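These exercises are to be worked with the sequence and the coordinates at hand. Each task is followed by a solution in steps.

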Amino acid sequence: MVYGGSGPTPQWGRSLCSEVLFEVSAQLTVMAQTLIDANWVDYGILILYFGFVLGIGLLARRHISDSVDFFLSGRSLPAWVTGLAFISANLGAVEIMGMSASGAEFGLPTVHYFWVGAIPAMLFLGVVMMPFYYGSKVRSVPEFMLRRFGPGAHLVNSISFALAQLLIAGVNLYLLGTIVQALLGWSLWVALLVAAAIVLSYITLGGLSAAIYNEVLQFFVIVAALLPLTLIGLHRVGGWGGLTDRITEAADSGAGPPAEQQLNSWPGQALSGFDSPILSVIGIVFGLGFVLSFGYWTTNFVEVQRAMASDSMSAARRTPIIGAFPKMFIPFITIIPGMIAAVLVAEIADLKAGGTPSGVATGSAVTYNDALLYLMRDLLPNGLLGLAITGLLAAFMAGMAANISAFNTVFSYDLWQDYVVKDRDDGYYLRVGRLATVLATAVAIGTATFAASFSNIMSYLQTLFGFFNAPLFATFILGMFWKRMTPTAGWMGLVAGTASAVLVAFLSEDAFGSLSLGVVPIAGQGAAFLAASTAFVVDILLSIVVSLVTRPKPAEELRGLVYSETPREMRTDPDEASAPWFRRTVPLAGLALAMVIVLNALF
Amino acid sequence: MSDTTRSTGKKTAGAFDVRTIIGSLLGLYGVILLLTGLLGDPETDKTGGINANLWAGLVLLLVSVGFLVWWKLRPIVMADTDDHSEIGAPPGH
């Protein structure tokens, strides 16, 4: 999944996609065999969830009377709701399973995807960047591009974003289908159509409110599914001490990286792919922590849209910061189950010791991606099993819904209204938004079936779209703080930055699989770090050079968009000064930062 | 557009409260798991001797009650005056 879909995550989608091909062909010869035995209680729990999801769509429909209600929830939601939706939109099943896979394979260093690769960028978004997004009253991140840099940068940003959302929604749907097939034995088509129909119904009915409410609900269902799994797992291995003993024992006999690397988050060589501990720390801090994660978290409209739906500037700024608190504890219910699976589940332990076990989960060969599914099979009684399946499906559907609700906003406002049919009444664009949702779902189903046959092309496309993210942060941050930056520099920086990332990926060993030339001796996550960093540097340098020789926008047009031209009242919430500290942006962000530093020191 | 929406405070998309939805779904799950724990096979070979359904059900019920109590005590956060007038939403938000 690289980092286009759900933040900087391990490369999960690719390996999964190619394996499913084997699975599909295997199923033609062998009768469908399921990983678990779901009974009627499990099905009841799942059906109850579907009922609630659709009910939310119906309830939300009563409160939609214009396009702002549909696309931005009428800017009416409190910060704790948008904060939970903010992390839920990113907490897809791809991330949950990918993180437990990485936990099984590498151990604790996986926490960097959260503590380094997410929290600092989320806090930065809330403290520094959100005042411009929310204060300028733009309705989408691309619209900010339009106001700051004009149509060139706007078109690059909105088209690449819209296409990427369709692609990611399709891949999400496809993976959901394969997992439902493995767990419950439904055919891929049935799973695909049922999930698409449910997502389509509640978004067309309830718009962003339905998507956000479902994301909040999904968050609690996922915690209710993963927390018992983690606790039962810890009980079975004899607590944290028992887990470390068994990982040490397995590592000493050759399973995975050395035990001290698996049980300490720093310096994380196995994760970063660098042998030198110093290079590894630099790679993680700058590559993952700065370039990759800031590019994703601070400019991705799927995330920022959740904050834009909140009821005040203060709530918008606190959205990612409130989200940071649960986010920093999610590793404990995703990565630790992965580590437990690596010592408790026979198949995963065998894989880690160098074996090639076969199974029936997401492919005929067992991979780390299956760690969580196997752990569910081994630990959960019927009942909790149903809750766990529901949590995974909820995560898939919410991930897809987040992509589609961001797509329909950008499509309706940024593409249709700005370039195709202008100046129509609001009801017209509301109808366009609903139609765009239907269209997006149809395209996602098409993409999902395409993915079933051409999984390699899909994973390269995902890598490619990920590169559009890399230079965005550079353009945004320079544009927000340097009023001299010109419209020409805006689009040229983006295009050149993206192109340079693609070039690095082609020159690397494996970023585009066999298409990569191997001129630059770097592979895996290291290649992703390098491509994104190159894009960032190229974007900044080129933007500065181009700005110095082209004409800037007049200062009065930059009000609300650039720091020096924005009066303090527009950037801050007047009510916030009198609020208690836990309702103020900066003290809350300081607390989150302190907690994450303590967590880094402890593990 | 958005300004009129905010100043009247009447028609917000958030009038149905997400806390009641979360509270009722988790509560129903709590009841189901509790009954499964009491009546069904606890499958203690998988869980290492704990009746996991029973305990998870109890915790879910507790969380559910927490959400419903929160909703009862602080019902107003973003009120739709048409729907919530009976539970004391201040007029005009």
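**Exercise 1.** How many helices and how many strands are there in chain A? Then judge the overall form of the chain.

*Solution.* The model is a predicted one.
Step 1. Chain A contains 26 helices and 0 strands.
Step 2. Its radius of gyration is 23 Å, close to the 25 Å from the globule rule for 603 residues, so chain A is as compact as a globular protein of that length.
Step 3. Along the principal axes, the C-alpha atoms of chain A fill a box of roughly 65 × 55 × 50 Å.
Step 4. Taking buried as under 20% relative accessible area, 65% of the 603 residues of chain A qualify.
Step 5. Of the contacts in chain A with a separation of 6 or more, 80% come from residues 24 or more positions apart.

**Exercise 2.** Describe the interface of chain B and chain A, starting with its extent and ending with the side that chain B contributes.

*Solution.* 
Step 1. The contact involves 42 residues of chain B and 50 residues of chain A.
Step 2. Together the two chains bury about 3800 Å², and carbon and sulfur atoms account for 70% of that area.
Step 3. On the chain B side, helices H1 (2–8), H2 (18–39), H3 (44–47) and H4 (52–73) each supply at least two residues.
Step 4. H2(B) gives the most, with 12 residues.
Step 5. Sorted by class, the side of chain B that touches chain A has 22 nonpolar, 9 polar and 11 charged residues.

Methods:
Residues numbered from 1 in each chain as written. Chains lettered and ligands numbered in written order. Predicted model: local features only at pLDDT ≥ 70, side-chain atom pairs only at ≥ 80, totals over all residues. Heavy atoms only, no water. Contact = heavy atoms within 4.5 Å. Buried area = accessible area lost by both parts, 1.4 Å probe. Helix = DSSP H or I, 4+ residues; strand = E, 2+ residues; numbered from the N terminus. Nonpolar A, V, L, I, M, F, W, Y, C, P; charged D, E, K, R; others polar. Rg over C-alpha atoms; globule rule 2.2 N^0.38 Å. Buried < 20%, exposed > 50% of the residue type's maximum accessible area, 1.4 Å probe, protein only.
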